[in-house]
Amino acid sequence: MTQAWANFFDPGHPAGRPSFKSRSRSRPAVDVPQARDLNITRLSRRWGAVNLPKVGRVRFRWTRDLPGVTRGGPAGRITGARLVKDAFGWQIVFRAERQVPAPVARPGPGLGIDRGITVALVLSDGTTRDHGEWLTSGEKEHLRRLEKTSARRRAARPPGQRASRRLARTYDRIARLRATAKRRAVDWQHQTTTELARTFGVVVVEDLTITNMVRTAKGTIERPGRNVRQKAGLNRAITGQAWGRTVTLLEYKTRDRGGLVVKVPAPGTSQTCHRCGHRDPAARDGTRFSCVNPACGWAGHADTNAAINIRNAAGTAVSGRGDLGAARSAKRQPPRAA
Ligand SMILES: [Zn+2]
């Protein structure tokens, strides 16, 4: 077994991944709790080497700067490692202790973000951040065929009999394509949230845990998407998890830079005019907002209007309290249009 792993990790050896007798649904992982004997070295730009107990010296793809190892890299030290198997094969993850300088408070310009119906994120400054489909049309077609194949094989299987090797391989291919899509989604979220955290000090988002808003394929209960094409299937499933992750990433990235994420309850943000505060469901028509107050008459993109309302819902609370730290308690304040 140990030799099988050593062969597998040896790039010059033709041996494939050693296989297990039983397939469990859990993710196999091996922990290396001590960093003492790892002896991490960099071999080239793309490759590094590490000592693993009972396996020996193995090479790994070098994907990021390691604290205390990369010259000029982040300060800190490696404290251990973990081998994890995912849909792409074995990955090595290093645990690290990093010294992070205390962030300097940086109010910066405030930003409201709304989850758009046709685009991923709509910003209160009138811009949007969007992404394409996570899989190419060829990959989607491939996935569709694999899913059909696996359904057929599953249906043909006598009850009680374990999955055939061919079916297991099909499952693996499906898992790899889904993991590819998710990896691209997370990558986009990282890039987008880093850019936003760099630019804006205070980022205001809708607190969905307390707004009781239910999103359906046709939009939301509050704002049904009329004639709006929805991103379907896998894309929608990923988007479902995506908002929570976007907020989590924004929270730590803004905090590292001395900024802050404020979550506000924002009922009615899509029906209220951000300029005059007039609220009327009739103002909204699909992605278009036209204020029905004749004295105002503001018209523009409905999601931008909502994003401005979200920003203002925290803005009034912040200025009312007179300091940024108090913005956290804005959670309990009713939203007001400026
Ligand atoms: Zn108005």
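**Stop 1: helix α3**

Select α3 and colour its buried residues: T170, L177, A181, A185, Q189, T193, L196 and A197. A residue is buried if 20 or more other C-beta atoms lie within 10 Å of its own, exposed if 12 or fewer, and partly exposed in between, with C-beta atoms placed from the backbone. Helices (H or I, at least four residues) and strands (E, at least two) are DSSP runs, numbered from the N terminus. The model is predicted: local features need pLDDT of at least 70, side-chain atom pairs count only at pLDDT 80 or more, and totals for chains, interfaces and linings use all residues. Residues are numbered from 1 along each chain as its sequence is written.

Next, take the distance between the end C-alpha atoms of α3 (residues 165–199): they are 51 Å apart, in agreement with the 51 Å that its 35 residues should span at 1.5 Å a residue. The expected span is 1.5 Å times one less than the number of residues.

**Stop 2: V122**

Move to strand β8 (residues 121–123), where V122 is found. V122 counts as buried because it has 28 C-beta neighbours inside 10 Å. D303 is 181 residues from V122 in sequence, yet their C-alpha atoms are 6.2 Å apart.

**Stop 3: two loops**

Select N39 in the loop between β1 (29–32) and β2 (41–42). N39 is not a glycine, and its phi is positive, near 50°. With 10 C-beta neighbours inside 10 Å, N39 is classed as exposed.

Finish at K54, in the loop between β3 (47–52) and β4 (56–61). K54, also not a glycine, has a positive phi of about 70°.
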